[in-house]
Amino acid sequence: MLKLLVTALAAGLALAPAPGRAQAARGDDGLPVFKKACAGCHKWHGDGGGGYGGDALSLRKTALAKEQIVEVVNCGRPGTGMPLHERGAYDAVKCYESLRAEMGASMPPEAAAFLRPAEVQAVAAYVVDRLKGKGEPNVEECTAFFGGTSRACDIYRKKEGGHAGQTATQ
Amino acid sequence: MINPRSPWSRRALAATSLLALLAGPAGAADGVTQDRLLNADKEEGNWIHHHKNFAGHRYSTLTQINKDTVKNLKVAWTLQLGGIEPGGIWSHGGLEGTPIVENGMMYVTDGWGSLYKIDTRGGTGRLVWKMDPKTDKEWAGAVACCGVNNRGAALWGDLVVTHTLDGRLVATNKETGQVAWQRQVADPDKGETITGAPLIVKDMAISGVGGAEYGIRGWIAATDLKSEKEVWRTFTIPGKGEPGSETWKGPNNAAVSGGGSTWVTGTFDPATDTIVWGVGNPGPDWDNAYRPGDNLYTDSTLGLEAATGKIKWHFQHTPNDPYDYDSVSENLLVDVGGRKLAIEADRNGFGYAVDRTNGQFVWATPFVKKVTWTKGINPDTGKPFEYDPNKDVQRYIAANTPSAENKTADFCPGNMGGKNWPPTAYNPTLQLWYIPVIESCNRVTHEEMTTASLKPREFFTGGGPTNPFRITGSVTAIDVKTGKVAGKHETQFPLLGGMLATPDLVFTGEPSGGVMALDAKSLDKLWEFRTGGGVNAPPMTFTVDGKQYLAILVGLGGAWDKWFIDSTPELKNIQPGSTLYVFAL
């Protein structure tokens, strides 16, 4: 059963939403959570790919609905490096209808810091509103992430023919 | 890219000059010259090189703290530093630096490149000044693969010379703490960052670069400290038609993004006028089919002519590397049995000795407990036994090598290496070489790269690691006379800080917080202090007011807590911090 569920999850098929979570979080609230918990592996633009954080999936190309993203954030992805972020996952709370003892070697790692339910809702909303279905990252997205006083987005300004003049190093 | 000096730094320079006029020729007596750097070991109580001497020994002849007295070693004073704030993809900065001490004045850096001058006289530490280079944290921190790191300062004339993560070389007046001048050496727009301390050779600052995970073409650069201009820049990946360019084959023009970073400070052999410097992994890290050929000079040790940067010789450890086995480690220059050697503890798990006059292989020996990527190093050639010069893509032991045919591979040592940047130390009397070891395996998932995968400021790794295996550590001693392991002191956690040797002791720190002293011969633990922070920096020792001190920076640095923590779950309890600890009898 576990295998079936995980396969279904990977394929982006609908799963029952996790009950009892806070509602109506907005993408704006999710940016600080995304920065803290996700950007290391999924990259600032969410497109994932290889790196020292593992071979993370693209959130821009994800087929998951918001409630499925909530579940993956809470429970992690079994058999991969995607960690669980919910305190008590697989212990006090079942994940994919399973407890820790049933997981064996596919038990996902635990994130460095747990997220509160409202943070999970907010970051899932951020993924759906700001990343899912988006094309190549652009200067607006980059500036929204890194702010306007850094040179971090100069390469997008150059690419888009704009003014690459930020010299915030001094 | 070279930015003109900013108005800000010109104003600082003017202020410095004014102060100098008012105060007279302050500091001239302390001016650091090439002659003093050549004779650094004669200044017994000082530590004026990053690696203590040009040969990289990290060996102090001071003996007040010895195997009989070390049990009485206690905290003399501490000083809180800064630099733990987040930036880019990093949630905190940390400390990896080696303090420099000259006549009781200590110079240390924090991860974001702030430089601190500390007066250590009178049995306490007093901050004299702090120079904050205002690093662009997002620009640099978003393309720093492995943490917010800065490994320290160097001295030249009346200047303290440092790097910043966003790629600058900064010269600070030793007396006033004002920035005298600065120069952009590396370009974070290309994914380049700098974490190492400069090496000062003949009035030049030698800089290395990080970024082999971001598709850079690596280099080593020399800046003339008098004219403030670049003297030479030697690329570690040959240009079209240059010797070695034939080792980059296939349709991808792979050399342009071939990696070959140089982010650990090298050494200098005055007798042969040779800078010896290690070169990092090829990119993409784990898709070696993208870049057929041996991929020179990645995973190599280079001997460079000091005046020109010309490559005199090279020795490559892991041709067409599919594991991320950097050879950036420092090469220690040692003379043994009539041979002039350069010795290096490689990420691939083997310690190597080569003849530093010509790069010829002498010996290699495994310093980790477990190696699964090769049966061993051929003693005749210095290459792994499975290496086939007629093959463009090496598979070594194929079952343990990530590739398109073997999407997920477990190998030992893991990609963080058997030994990472933390420096080794060498006792020239005992002829023992002490290696801070990561006893590791990990798992890599292969991802096939195309030229479309290559984007500025983006990871270009050909896959990524996970860490399902427990990782431990050791201090491993190699007898340089025989090239064999002479002893191993095992530790619960990997050693991520580095070594200091004295006549009868070796010192190191642990990421779980311990600083310890071991007997130089038996490696038995003789003393330990729990700092309460993560130790990711090497210890050093000095004297002031006639008394010997041991100093070490303590503050969770590096990449372990972000990328590799699943292999050492207990270390999740270590919190960020930023403290200088100084011990005395």
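Helices (H or I, at least four residues) and strands (E, at least two) are DSSP runs numbered from the N terminus, and two strands pair if DSSP finds at least two bridges between them. E29(B) and strand E30 (residues 505–509) of chain B run antiparallel and are joined by 3 bridges. Within E30(B), B:Val506 stands opposite B:Ala501.

This is a predicted model, in which local features need pLDDT of at least 70 and side-chain atom pairs count only at pLDDT 80 or more, while totals for chains, interfaces and linings use all residues. Residues are numbered from 1 along each chain as its sequence is written, and chains are lettered from A and ligands numbered from 1 in the order in which they are written.

Chain B as a whole has 4 helices and 35 strands. Its C-alpha atoms fill a box of roughly 70 × 55 × 50 Å along the principal axes. Of the 585 residues of chain B, 63% are buried (20 or more other C-beta atoms within 10 Å of the residue's own; exposed means 12 or fewer, partly exposed is in between, and C-beta atoms are placed from the backbone). Among contacts in chain B between residues at least 6 apart in sequence, 63% join residues at least 24 apart, a contact being two C-beta atoms, placed from the backbone, within 7 Å.

The contact between the chains takes 32 residues from chain B and 24 residues from chain A. On the side of chain B that touches chain A, two or more residues each come from helix H3 (137–141), strand E26 (463–466) and helix H4 (560–564) of chain B. E26(B) gives the largest share of that side, 4 residues.

The loops hold several local features. B:Pro319, between strand E17 (311–316) and strand E18 (332–336) of chain B, is buried because 23 other C-beta atoms lie within 10 Å. Not counting residues up to four places away in sequence, B:Pro319 touches B:Asp294, B:Asn295, B:Lys383, B:Tyr387 and B:Gln394.

Two prolines follow cis peptide bonds. One bond runs from B:Gly283 to B:Pro284, with omega near -5°, and B:Pro284 is in the loop between strand E15 (274–278) and strand E16 (300–305) of chain B. The other joins B:Cys412 and B:Pro413, with omega about -5°.

B:Gln431 is not a glycine, yet has a positive phi of about 55°; with 17 C-beta neighbours inside 10 Å, B:Gln431 is partly exposed. B:Asp545, also not a glycine, has a positive phi near 55°. B:Asp545 is exposed, with 11 other C-beta atoms within 10 Å.
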